Structure formats: structure tokens, C-alpha cells
Amino acid sequence: MTDLGPLVPRQRDMHPVPYDPDYKTSVTRSPKWPLLSMESTPSEETGPRFGHSMLGPLDNNLILNYSRDPDKPAVGERILMHGRVLDEFGRPVPNTLVEIWQANAGGRYRHIKDTYFAPLDPNFGGCGRTITDDEGRYQFLTIRPGAYPWPNRANDWRPMHVHISVFGHSFGQRLITQMYFQGDPLIDQCPIAATIKKRSQLDRLVAPLDMAMARPLDFLAYKFDIVLRGRRQTMFENQLEGM
Amino acid sequence: MTQPLDRLIETPSQTGGPYVHIGCIPTFAGIEGVYPQDLGLSPIADGAKGQVITITGQVIDGTGWALRDALLESWQADAAGKFPGQNGADPNVSGFCRFAADKDSGAFTLRTVKPGPVPARGGAMQAPHISLWIAARGINIGLHTRVYFEDEDNSADPLLARIEQKNRVPSLIATKTGEGAYRFDIRLQGENETVFLDI
């Protein structure tokens, strides 16, 4: 009989550095003192669960979920974004909430604070959500976001990217990341992408074109798998009382 | 040579950016109508057992400036120390809340019930606390911390006991400002920096 043990400690060197002078905002927002490292407790091993029943039929269709009118789709290159959520042991993470947000095809966000002069698309909101199936799979239909300039160094541009938020089953698994697109030359110029110092780890954020999942005469596809922290399975640590 | 170790590596984090609200709290960004309502509006429903409390504060950067674009999430047990989903947990406590720093003042407010003590591994008890997770532009990997309460007995809490510099412990303890009202500021960097957790 095995029980779910503590979360596997995070390998911090596989993540971006918190402080990076080339990403200027991180300079004043990164902790200076070391984090307190501790084995997880029920507070981190439990977490919010969300049911499929909360989802609307268009929640994972960003092409239509803002206009809600099949005759008014969002402008842009139509893509399917899909993949699996797994843990470090390769186990699927089923029934977990995946949320995405992104700029429109011109690189403009629908947000009260985005003032870039690329136009808003009246038929594009920019957010979507879904819950993984029993095999940890998820899918979104969306448009490829545009690159855009941002105030950092004198001439910095964000590569095309989709923001992704994943819950897992434990609050300690909480993760926000970004998906980039295969072949985008701006990835290598981007100081935010460059906060990840291991090239092999940055490569894991670059989604390959997946022609097998593209739909002829309709949309291209990009595949993006996500790995969350795992929990040790052990025969030597009894379950906690009340768990 | 050895057998291959077929572990996967966690996907690296990236900042949530300044527009994190679009995906997490769309109405904050000005987006209405995609979802019936924002997720995690309240960690409690009517009828939740226990003392209703309000925690207010700001997320403050290394220069002393309060962030106007921070996203916060909280996770907690109910008043009896049960997490949602556990046997006997209060059905009116979802335990999860999402809230943002105000776009003009940077102030945040969390209204919830005060949680009860929860067990740690090995039989010890943890003092009542609420877990917090903070994402924002400039934060490359989300920050975990905890809110404890100055009017609770925190003396035997295993996490607080692990903090070597006892002068940093108050950074995790909300101060009482009135009946059921607490203040908890999060200092990302510099003097009185909050203790953040690798947990």
C-alpha cells in the first residue's frame, strides 16, 4: 500500500532566476533573502478543485467566446493549442483547471492598462479556460497572438506567446508560464524568456507545429505539454490523520 | 552506466505579466461576458462556520512602492482545520480566493473565515494560517507565503520555528486592527522583507 507523500521539492535551477537586470521590473520585485525551504504540509498538498460543470461550451474557444456569434470570429491565424498536463513521475493530471490569456493578432491586449496603438479586435477578448480530461489532455481553439513592443530596454519586443495558468491538485503545484511558438526569432531577443538560464528548459516552452492535429482548410496546431511538481509515493510514510 | 531515470522536469515558470487579470480576473481587465463570473470571488459562502475576518494590505516592492498589478490567491482550511474535500469539511468553505491589488491604490482585501489549526506531518499541529501565492509582472516564479494571526498561539508552529532570524517572523503575522480586522503587508524586497517559502 502506497500513500501520497510530500511534494517533490522544486528544482529552482530549472526555473527562471527571480532577479535579472535585463528584465527591469524583476530588479525591485525579487526577494533578496533566501526562501525558507521546508517539506510540504497539508496546506500545500491540498488545493482547490474545479468541476467540469462550471465550464461553458465556448470557454476554450477564444475565436468565438467574446463575440458569441459564429459570424463574428476573431481575426488572426486560427490555431489549435493542445497538450497534456503531467507530473514529474509522468502521471497524467486529470480534472485540473487550465486558463490562458493572450494578445490579439496585432499584439494588443484587451486590458484597461494596455495602451499599445495596435487596434483591439472587437471580436476577441483574449481569455479561455478548460479542465483536463481523465488523461490530462486539454485543447484550446484560438488565434496566434502578435508580437508587441514593451517598455523595458530601449527596443524590447515580446515574442508571440500565450500565458498559461495551471492549478494541479495541490496549492504547491501552482504554476503560471508562457508558451512560445516554434521558429519565432524574437524568443532569442526576449529578456523575459532569457530569465530561464538553462536553454533546454527554455526550449520546453517553445511549442512545435503539430501538423497531425491541424485541420485541413481550417486551423494549424501547436502542441504544448505541461509538467507539474509530483508527490512522492511511499510505503514508509503513513497518511495524515483526517486526510 | 546506470538505468535511465525516467523522471520529467517541472515546466519552467514565466511571469504572469501586467495583464495577468485577463486570464484570472477578466472583469478587472474590463472583460465582461466571457464567463458568468470571475473564479474564486470568495472563499466562503453564506453559513460558513467560524469568525468572519477581513485582511487588508498591499504588496510593496523594494523601493517602497505598492504594486498596482499584483494577483493574489489564498488557500486555507475551514474554522475546524479541515480543507475542502476532507471528511467533515464545512461545505460553505471553498477555501480558495483570487483577488487583485487595486489598480489605483494597490490595496487588497480578503474576506474569509479564520481557519483552525491544521496538522503537519508527524503529528505536530500548525497554527492557524492562510496560504498565499503572488503573481505579477516582474515576479518570474510565483511567490508562496503564509498569513498567521497575532491573536493566535503561534509558539509551536513548525514553519515559524524554522525561521532562524526571529526578527523576520513578524513578516508572516497579520496585525489586528479591529474586531475581525487584520493588516498584512507583503514586502517583496528590502527592509522587513516578507519570508517567502520554498515548500
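Which residue stands opposite A:His161 in S10(A)? Select both and you'll find A:Tyr180 facing A:His161.

Before going further: this is a predicted model, where local features need pLDDT of at least 70, side-chain atom pairs count only at pLDDT 80 or more, and totals for chains, interfaces and linings use all residues. Residues are numbered from 1 along each chain as its sequence is written, with chains lettered from A and ligands numbered from 1 in the order in which they are written.

Now widen the selection to strand S9 (residues 161-166) and strand S10 (residues 175-181) of chain A, which run antiparallel and are joined by six bridges. Strands here are DSSP runs (E, at least two residues), helices are runs of H or I of at least four, and both are numbered from the N terminus. Two strands pair if DSSP finds at least two bridges between them.

Next, show the whole open sheet of chain A: five strands, ordered S5-S4-S9-S10-S11, with mixed pairing. At its edges sit S5 (127-131) and S11 (206-207), each pairing on one side only.

Then hop across to chain B. Strand S2 (residues 36-37) of chain A pairs with S12(B) in the parallel sense, over two bridges; pick A:Leu36 and its bridge partner B:Leu197.

Finally, colour the contact itself, with 72 residues from chain A and 64 from chain B (C-beta atoms, placed from the backbone, within 7 Å). On chain B's side, helix H1 (20-24), helix H2 (26-29) and strand S7 (130-135) are among the elements supplying at least two residues each. H1(B) gives the largest share, four residues.

Conventions
Contact = placed C-beta atoms within 7 Å.
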